[in-house]
Structure formats: structure tokens, C-alpha cells
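We will go stop by stop.

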Amino acid sequence: MSSYFWAQNESNRPDLLCGQPADYLVEEKHFTTLVCFIVVLGGLLKMCLKNSEVIVLTILSLSGFVIGHMAYNSVEVHQIVYPLLRTSSFSLYSYFSPLIIFMVALDVEFYTLKKMFWQVLLTGLISFSTASIIIGYVVIKFNKDSWDLQSCLLFSITLGIIDPLRSVNSLKTIGISKIYIDLIRGESLIICSIASIFFGNFRGNRIHFSIFRVEFLGMSGTLALAAVGLNLDSLTFKPKIELVITKFLRIFSSVYEHLIYAFFGIVIGCGELSHYEFYTIPFIFILFTTVNVVRLLTILLVSPILMHSNYEYNWRWGVVITWSGIKGVFNLLWAPDVYNLAERKVEVPQMFILYVQVISLLTMGINSYVMTQSARKLDLCVLSLPRQMILQNATQHIQEIVQNTITLFKTEKILTNVNWTLVEDKTRIEYIPFSHVSHNDMKTESTTDEALMEEARLHVAAIQMSSFEKQRNNGILEIEAARILIGAAKCYYSIQGKFMSIYDVSTYMRTRSWLIKFKNVLTFLEYCIEKIQFIPPESNTFLTFIFHIVFSEEFEYTGQIINLIYIYPMIIHLWPMARGLNVSALISINYYFMFLYVLESTLKVLFKIEIESIKRAIQIIILKRKYFQQCWNTLEFFILVIGIIDIFCVYFVKLRPDNLALIQLTVIMGYLRIIRFLPLFKIIVPILIRIADVQIKKRLSLMYSITKGYIKSQEDAKLLIKQIAVCESIYQKLCEILETNKQDAVKELVLMEHEGRDVVIALKTKQAIRNVIAKALKNLTFLCSRGIIDKHEVIEINKVLLKKLKALNNFPKAIPPPTPDIYLHNIIWLEGKDVLIDFFKERAKLACFDSGDTICKGGEMPQGIYLIISGMAILHSLSPTFGIESSQRCDRGSRVMSTEFCTTGDIIGELSCLLKREIEYTVICETSLQACFISLEDLYEGFDAFWPSLEYKIWLKLALSTAYQYFESSLIDEDLRFQNCVMFNQAYVETLSSYSDMIIDNMTMKFVIIVYGSVIDTKTEEPYFAPCIIPTTCEQVQGTSALSKLLIIQASELTQRNRNTNVMASVNTVFEQPGKNINGRQKMS
């Protein structure tokens, strides 16, 4: 059989991948079977050789070579592979490249790439240029085949490409910093893009324009696919869906890779073996050496750029990155085009693919191994001392949790016969270092806290990003806000010693403060028809008629219509040929429009003032100048003056047509007629104001959501810093930094609530609706899992709830704030009951404060409670005492001063009024403030009128707030809504005085939390001070303070058992009295 050649340059068909048309009748069959065989073989090899992907690809390449050689000698096998041989090389590239490009873009960290874009771009350009020049020179110098200059250039470009998948796969598994992984990937993407442009230009010079246009559109689709992949992140998909999609795409990309190497092995095998001579092997090693030397030279050239952009970069990283020039799929996909686009065809086109495929396999095997070993030998993948200390702390923390769980299980009767010694032995976790730390690092890092602090900072950033994702998945945070927060965190992640603050987030999102200034300008320009107090005399019918005309909307619309009509004459005036034919007509039209302008301005001047008599009109105009208070009237007067000057200029030109200066002035005045269209802008101003207002509200809503998410992340980080900090000094610094950043964010949040109350109310209302629906969806899933409702019913109910969630997209951006009396309904312990609300509405007073006023001062007796209606106040206080004397708690230490911000809806003074003790804080108004004030006498009058439920409910509200503030992580699975606690006794407050006892029943009491005062364990005499969760080993406590309050959270079985009886009791009584349904509860004094 004759030898197979590549593309035949015929105008009526595209380039073929390999082979001439068959000289026999081709029956296309069994090619699908061949594809399935390759896929199955690749899967089996990958399963058997899990960590040897290069061996798998080598075996597939050799298998393809054998099949190709069989096709060369057998017609039957040739019929199987012929569909592959006649495939266009560009078609093959179009089949396989989109998925691989999408996978690479999806795996790249967009924010890191965006931050280092210019460094990546320069690195890619230098790498591409260096590889093209040096490899091209080596090929021309050492290759014995008769390749022309264009073939050598295209081959050097093909061999210079770095595979974006294979170049970093070995680094991802050994703990290398993701910054360098993204740097290498970004560089490879830049090189691939430049190579695509080069091959596209060469291909565009050889094919028809329509085909090139299709190719260009195909490249546009590839770029769009890459852009989509870069913008997709963990927030785009649900957590489980993301894992499934990513795994699915990885499987397909692996299958594609196996097919490509097998296919090109077949193509190589279709050539004559006599063409493969001995010099081929030395030339392959020359190319392999050249590729690595080029990579080394590239890294030497770009090292100054990388050292300037990243504080971690050093010569060790340079050594590792030098070996990252691994070749792969993209090199093979472009290899056929070296022959197809060459000016002079070579005799053995398969050699292009052979060289590229062998070099790619060599770099996969040798470069990957050397790169991994270099990273390990140079201590780049070892854990630093701070990292090891943090992991050791985390391991100890997990071991403590395991031990506590075992201790708890030992108390259960059902587990009495368990061999606990064996359980403890099998569950013991011993810390094993993942890698070593060099002695030099040990000395330097152990003497300073900088490395420890830097490692802790990185962990804080990771915790914050995890918190943002969790808030987004729980529906607390909008996806746009979560993206901005995560993007900002990643941008500041690489800045040494930088803890991200709320001001950094604002800088990152480039706050559009110009919108507010733009709106202010538009508001100033907005035209309003002034309502004047003027009643025309009834005797003067004409004056009355003119008055109604001037102060009507039709009068304004008429003026705008005149301006619109003048557009056509202005176009004729600006067109020289038309102007020359219609000079007299344009002059007459100009006179007519100026007459209308004079008439309009005269009417406005006469009637936009407070007229006492027609005789005094001129005097009032001169004195009050009310006409010029409106900027649009000033503009119209200026237009009128310019128009009159224009008329006089035209008139004088007729008198002195030889005066050149007068003619030039007349021409300029003619062009100035364009300003007559400026009043049309006042029609657009109200529309622009509405658009700007919508954008400002969107920005405020987004920034409010961002700030809330940031505060929540600070709280989450604060709960975990004990495991991050390796020593007490680091822990204290982290606490101080996180608390400062949180207070700054709270201040910004409160200011936003003060500035945009309507937007914040809408946002909070929307979030409340979202939380309720999310809770309903969670309960729906629970009911379905227990078989209470079937799947069909679940689907229908789920559709209804999801429809309501979707409707929130059209939720109004602003809701007007309620009136002051409505705020009484927001006091949770009033429960929205009209009896209580009417009682306090009669006695409440409106208190107004200016900025800087003191609402209450520490050390003074309380006068009452303040419910903030509008404004913002700052609360300065020391750490709360919780009713504990300093003599009782010797380990309390010095009290730290803290600052809180109070805004609309917050209540000041509840605890002090309940205790009738001195206030422990000072509240100062930051802005002007309005508050609903309920005096102490009126409050206690309410206690007497609604005894004892009202006082109890205030204590319950304070107890729940304290428990959530200090023990949120422990109570995250508890439904402790105030209404449920009141109606169903899911949680209640118990009162202990000094030396009074209370028995703790662990069967019915899930948590016992002391929220005020102190108690001791009567058995062990161990003291417990508020706030504290009393351990389950405690069976009885005794009060040691004059007043102690304990929050009891009942077990779920008891809650369900009492639910029905409590519902009936709440229907029969207006206020449920605490103590009826709980045995042993004492009355509160």
C-alpha cells in the first residue's frame, strides 16, 4: 500500500489530519468501537496505575502506533481508522480543546490572576518569544530534514507551548502555594492564546474568507468559554452540585487526553518505518534539553518581575518553576498544523507529531519528577513551624472533643457493657508531623512572633472566606456581596501582615460616591414650577387668563415643543449647501422663534413674582430678582440675549457686507444657536434622578449586606482563633485586631442604617422573608425524610416556596420607616399584644437629642428605657459584671473598655431598670436622635398591672440574648425563638437567690446556662460565674449571688410532650404565667 501523506492543498476541502484518499471503496464501520476500546483501555490502565499517568499515556501512544502500523499494512484495519485520518486538524482541535480550556479556566483562581495579570502577561510574552527564537534556531541548526523557515517557526511555537493542565498537576498534591500554581497556569494560558493568534493568522492566509470568519467565531466562542470558566467559582453552584460537576468534567478531560494520545499514535504509525532513522533519537534529546534551557533562561529573565510582585519569591521558587515547562495536549493538537500551514511540504509529515509527542511524554515524566523532588529538597512544600504548631493545637482540640464524647457516652445505660479502654485506644489521635522543619527555620521562627502572626493571619483570612461561603449557602448573604467579600479577602491575602478591614472592602469594590454627587447636581438642576401666592383681580379678565396660562403644565410643554421644532431649521443652518438655498427663510424662522422666546420669558418675568400691582412690576423685578432664582430661567435669559445679539449681527451684515470681522462674529453667533436645545435637558433630569436614586439604593443595599457578612465573619473567626493562636500573646493580638475591625464595621453599619433607613428596612424585611422560607424548606425536607408526606406533595410545596423565593428578586429596594408608635410593636416582650401596647403608648414620651448629647451616664440610677426611633448612639462600657462582685471572682482580671453602636430599634436600659441598679455604661448620641421613652415608674406600673408575665418576659429576652451572644456555636441547632419559648416552654428562666438550691435533671434539661449571677455545684463546690454553661455532670446548684438567673433549655422530647397542653393554656389565658407547667420553679421577685 502506498504511503500516507497529510493534507492535500485543494480549495474544495479542508486540510486532512493524515493520509490520502483511499484507493478502494471505503466502508465506514467500527470506528466507534475503536474509540470505545481506547476509552476502556485508558480507564483500566488508569485504575491499575493510579499515580503513573505518564505511563498510561505512553502505553496508549504505543498502542495507537501499533494500530496505525497495522492499518498501514491491512485494508481492514485501515477502514477502521480512516475516519480519523481524513479528519481536519482544525476540526480535531475544535472537538477537544473547548472542554480542556474550560477546565483550566475553572481551576484558575480568578482574583489571584487578576491581581498578577501584568506579571503573568509579561512572563507569557517573554516565554513565548524566547522559546520561538531559541527552539527555532536549534531546529534549523541540528535537524537533518529539509524543513523550511516557516515550518521551523511553527514547530518552535508548537513546542514552546506549556500545557496548562499538566504543568501544575504534580505541584497541587504536595502543598505548593496556589499563587505559583495560578502563575504557571496563567502563563500557559497567555502562551496558548498567542499561539492561537499565530496559527489563526497563518491559517487565515490559506483558506477562504468565509471559513476564516467561522474560525474567528469559533475562537470567540473559546474565549467566551474561558471567560465563563474564570468567572465561575464555589458560589455559583451548590456544594454537592459543584463536586459532581467538577468530577464529571475531570473524567471527560481525562478521557479526551487518552483519546488524543492514542489518535496521534495511530497517525504516527501510519507512516513508513524506514523514515525513522537513528538520528531521530539524538535530535529528540537535543530538543528536550533545549526546551528546559529555554525555560531556565525565561525564569532568569522574569525573576526580577516576580520578586517585585511577590514577597515570597526567591531562587528556590525559580528552580522549581524552571521545571514546569511540561508539554501536553495542546502541543499535540497544534502539531499537524505545522505541516498543513508550511509553504513547502516535507516528505515525512508524521515527524512533527512524533517529536512533539515524545517530548511531551519526556517532560511529563522527567520534569514532573524533578519539579516535585526539587520542591521537597528545597523545603518549599514542608510545613512551617507556625503551621505545625497550629495543626498540633487543632489535633489536641479534636482529641479533647473525642475524649469528652467518650465521657458523655459512659453515662448512658445502653453503653454500659462497652470496652471503653479499647474505644479510647482506637480513637486516640497522635500528632504526626506532615513534614520536617529545618533547623535554621526553627531558630529564626522561634525567636520572633512575626512568623506566628503571619500564619495566624492567613488562617483568619481562610476562616473569613469559609464564613462568606457558608453565609451564602445559608441564604444570609447575597451572591454578589459574597463574591466581593471573597475577592477582597483573596486580594489582601497575599499582602504580608495585612488584616482585611471593612474600609479595605469598600476600597476594593470602588465605592461609587460620585453617584451621590451626581444626584445632588441633578437635584439642583431639577426644574420645579413654583407655587406663588397670587390671586389675580376678578375685574381684570385678561390678567387672570394669562396667569392660568403661565402657571400650567401645558405652558412648559409648549416651550419644549418649540425647542424640538427648531431642530430641523438648525440642521438646515449647519448644512452649507442647504443654508445657501434658504437664507431668507432661515432668517424669518429665526425672527419667529426669537419672538416666541421673548414672549415666553416676558410672561415668566411678569408672573413669577408676588404681584401687588401691575404698576410696581418693574420695581419688584429689580429688587427681588425672583426670576433668576431658577437656573433654567437664567439659561433661557442667556439664550434670549444671545439670540438678540444674533439678530443684530445678521442685520448689520446686510448693511456692511464687506466687514470680515462682523461676518466671522455672525457665523459664530449662528453656531451658538445650538444652546437653544439645552432646555430640553430639564425633561431628562427627573428620569436621571430616579435612575441615580435606584443605583444609590442598590449600592447601599449591597454595602449593607457586605458589612453584615463581614461582621459575621469576624465573629466566626473570633470563635476559632484559640485553635489558630499558638501562644497567648498571638491570641491577644488577634482578639484585639478582630474586635477593632468588627467595631469599625459595626460603626459603618449603623451609619448606613441612619442614612438609608428605608433601604435598610427593605433589606432586613427581605432577609427575614428569606430566612422564614429557608426554615420552611428545611422542615419540608425533614418531614419527607420521615415519611410524613410523600415526594409528590414535597415537590408541589417546594415549587410554591421556591416561587416565593424567586419573587424576592422584585422586592422593593426601599420601604418607608414606620411611625414612632408603630415601633412599640417591635418590642419583643410586648409580643404585639394590643393590651400591652396601648398601656405603654399612653405613657410613653418622645425624647429628642442632638449630636453629642448624653442619654445616660455610667454610675447613675436609671430613669427608664429608651427605644431608639431614629439616629445613632455610641455605648461605652467596661466588661459587664453580670451581677458578680469582684471579691467573688478572683480570676476575672482587669475589665476591658468596649464600644457598641445603637441604632433604630435598639433598647437602652432594660437590665438596669429590672435590677434598679446603677447603669454600667454611658450612651452618647453620634447623630441627632429620637427615642420613645418609658419611665421607670411607668415600667413598674406595667409590671404590677401584668404581674408576673411582663417582668419574666423581659428577663427571658435578656437571657436568650446573652446565651446567643456567648454560646451561639453550641446553640446553633436549637430553635430558641422568643415566641416558641413563651408558648411552648422550649426555654425558660429560673431565679435563684443566695443559698437557694435547684436540682438539674439532665433527662429533661438539655442546657442549663447561667446568664446572671453565680452558683456553685453543691456536690463538688465548684463555682460557676455568668455567662457559663453548667456541665452535665452537675446535678444540683446553689445560688451564691443575691440574684442569679439561669436559662433552662428543655430536651426535645419534653418540648413535644408539652406543646399541646401549652397551646391550650395560651388560648385560655391572656398572659401565660411562668411556673405553671414546670415543677419546682420559683416565683421571681
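This tour of a predicted model visits a helix pair, some salt bridges and a surface patch.

**Stop 1: the helix pair.** Select residues 31-48, helix H1, and residues 53-73, helix H2. Their axes lie 9 Å apart, at an angle of about 150 degrees. That makes H1 roughly antiparallel to H2. The crossing of H1 past H2 is right-handed.

Stop 2: The structure holds 15 salt bridges. Select Arg-166 and Glu-257, whose closest N and O atoms are 2.6 Å apart. Arg-166 sits in helix H8 and Glu-257 in helix H11, so this pair ties together parts that are 91 residues apart in sequence. Buried or exposed, Arg-166 and Glu-257? Both are buried.

**Stop 3: a bridge within one helix.** Move to helix H31, residues 681-724. Pick Lys-712 and Asp-716, which form a salt bridge at 2.9 Å, N to O. They are 4 residues apart, so about one helical turn separates them. Lys-712 is partly exposed, at 23% relative accessible area. Asp-716 is buried, at 17%.

Stop 4: Select Glu-842 and Arg-843, a salt bridge at 3.6 Å, N to O. Glu-842 counts as exposed at 65% relative accessibility, while Arg-843 is partly exposed at 21%.

**Stop 5: the nonpolar patch.** Select Val-598, Ile-644, Phe-648, Tyr-651, Phe-652 and Leu-655. Which helix gives the most to the patch? Helix H29, residues 631-655, with 5 residues. Finish on Phe-648 in H29, partly exposed at 46% relative accessible area.

Terms used:
Residues are numbered from 1 along each chain as its sequence is written. This is a predicted model: local features need pLDDT of at least 70, side-chain atom pairs count only at pLDDT 80 or more; totals for chains, interfaces and linings use all residues. Side-chain values use heavy atoms; hydrogens and water are left out. Patches are made of residues with over 30% relative accessible area and no salt bridge: like charges are joined within 9 Å, nonpolar side chains (Val, Leu, Ile, Met, Phe, Trp, Tyr) within 5 Å. Accessible areas come from the Shrake-Rupley method with a 1.4 Å probe; for residues, only the protein chains shown count as cover. A salt bridge is a side-chain nitrogen of Lys or Arg within 4 Å of a carboxyl oxygen of Asp or Glu. Helices (H or I, at least four residues) and strands (E, at least two) are DSSP runs, numbered from the N terminus. Buried means under 20% relative accessible area, exposed over 50%, partly exposed in between (1.4 Å probe, protein chains only). Axes are lines fitted to C-alpha atoms, for helices over the stretch in contact, and angles run from 0 to 180 degrees between N-to-C directions. Angles under 35 degrees count as roughly parallel, over 145 as roughly antiparallel, 65 to 115 as roughly perpendicular and the rest as oblique. A crossing is left-handed if the near helix is turned anticlockwise from the far one by less than a right angle, and right-handed if clockwise.
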